[in-house]
Amino acid sequence: MEYVLTTEGLTKQYRNFKALGGLSMHVEKGAIYGFVGRNGAGKTTLIRLICGLQTPTSGTYTLYGKKNTEGNMARERRRMGAVVETPSIYGSMTAEENLKQQYRVLGRPSFDGIRELLELVGLADTGKKKVKNFSLGMKQRLGIAVALSGDPDFLVLDEPVNGLDPQGIIEIRELILKLNREKKITFLISSHILDELSRLATHYGFIDRGHMVREVSAKELEETCRKCTHVQVSDIHALVRVLDQKKMEYKVTSDTEADVFGRWDVTEMVLALEAEGCRVLGMTERDESLESYYINLMGGESHA
């Protein structure tokens, strides 16, 4: 398995507050990694550390196979782009002028590629319009364009859809998916909008109080959260016999309840149970979302 980013026992201490306490995580090359946790869980601290804005108290992180303890990480960080907290853009400039300024900062020899970059993020027609007059969604897309100016293959986004209207959220989602599929860019995305994150992520890391609680792929999560029918009956043993006869997949959850997976004929099931002297007391369809999975995992509120 090839990883763009790994951390091992990463810790960040601020006087009496430990923002990260031995965090270990693994971001695969080509992934869209959703980084999920409550406010103050340590998400932004992790992002600031790997971007070189702060240094860890202890532990290590590895970018493209090089550990931060090995010295200068400049070459590896040139392969990264980031939008941390708010986009680094100038309101008094146009979108094109912002990109030219970033090209100068990066020391790029010419402005070649700026037009293509503006087209990529859907800002090619903004002309002389000042960025201060852009919508929030347009500003966020420009922020991503600035982060892309160095041709990175790893992009870190901190709350990329925060405060956006539905159209703006859709535009950012489509842009992320396009960059991942067409440009093969790996993403680390911190977001508290879990429903939107579930439309993007291929992998998840759930963090709480500076510790990684669980890392899971979207496929594994889908299997855990798949649809089922929750059945409550008067005789659980009769239900198990009927389900076994029909070779159906199920999970007994209590003395009177079970989750039944797959599609099945409700009338046929009720009649079969009636023949066994078993009454159906209730049926409820369940489809666990990322949010409910997160709440069950963390055992609390879903504030990320």
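Welcome! Start by selecting β12, β13, β11 and β14, which in that order make an open sheet of 4 strands with antiparallel pairing. Here two strands pair if DSSP finds at least two bridges between them, and the strand names come from DSSP runs numbered from the N terminus (E, at least two residues, for strands; H or I, at least four, for helices). From one strand to the next the twist averages 20 degrees. The edges are β12 (250-252) and β14 (280-286), each of which pairs on one side only.

Before moving on, a word about what is on screen: this is a predicted model, where local features need pLDDT of at least 70 and side-chain atom pairs count only at pLDDT 80 or more, while totals for chains, interfaces and linings use all residues. Residues are numbered from 1 along each chain as its sequence is written, and side-chain values use heavy atoms, with hydrogens and water left out.

**Around the opening sheet**

Next, color β11 (residues 228-233) together with β14: the two run antiparallel and are joined by 6 bridges. Look for Val233, which stands opposite Val280 in β14.

Then go to helix α10 (residues 266-275). At its start, a side-chain oxygen of Asp265 reaches to within 3.0 Å of the backbone nitrogen of Thr267. Just after α10, select Gly277, which takes a positive phi of about 75 degrees.

**A hairpin**

Select 203-208 and 211-217 to see β9 and β10, an antiparallel pair with 6 bridges. Asp208 stands opposite His211 in β10. The hairpin has 2 residues between its strands, and Arg209 takes a positive phi near 50 degrees there.

**The other sheet**

Now show β2, β1, β4 and β5, the order of 4 strands in an open sheet with antiparallel pairing. Its edge strands are β2 (17-28) and β5 (66-67), each pairing on one side only. Between β4 (residues 58-63) and β5 there are 2 bridges, again in the antiparallel sense, and Thr62 stands opposite Lys67 in β5. Helix α1 (residues 43-50) lies across β1 (3-14), β2 and β4, at about 115 degrees to β1.

**The spaces**

A pocket is an open set of points with protein on both sides within 12 Å along at least five of seven lines, whereas a cavity is a set where a 1.4 Å probe fits but cannot get out; lining residues have an atom within 4 Å of a point. Points are joined across faces, edges and corners, and a volume is the space filled by probe spheres set on the points.

Where is the centre of the largest pocket? Select Met80, Gly81, Ala82, Gln102 and Ala147, the closest to it of the 23 lining residues. The largest pocket holds about 690 Å³ of space. Strand β6 gives the most to this lining, with 4 residues.

Note on methods: On a 1 Å grid over the protein atoms alone, a cavity is a set of points where a 1.4 Å probe fits but cannot get out, and a pocket is an open set with protein on both sides within 12 Å along at least five of seven lines; lining residues have an atom within 4 Å of a point. Contact means heavy atoms within 4.5 Å. Axes are lines fitted to C-alpha atoms, for helices over the stretch in contact, and angles run from 0 to 180 degrees between N-to-C directions. A polar contact is a pair of N or O atoms within 3.5 Å; within protein, one must be able to donate a hydrogen and the other to accept it, and residues adjacent in sequence count only if both atoms are side-chain atoms.
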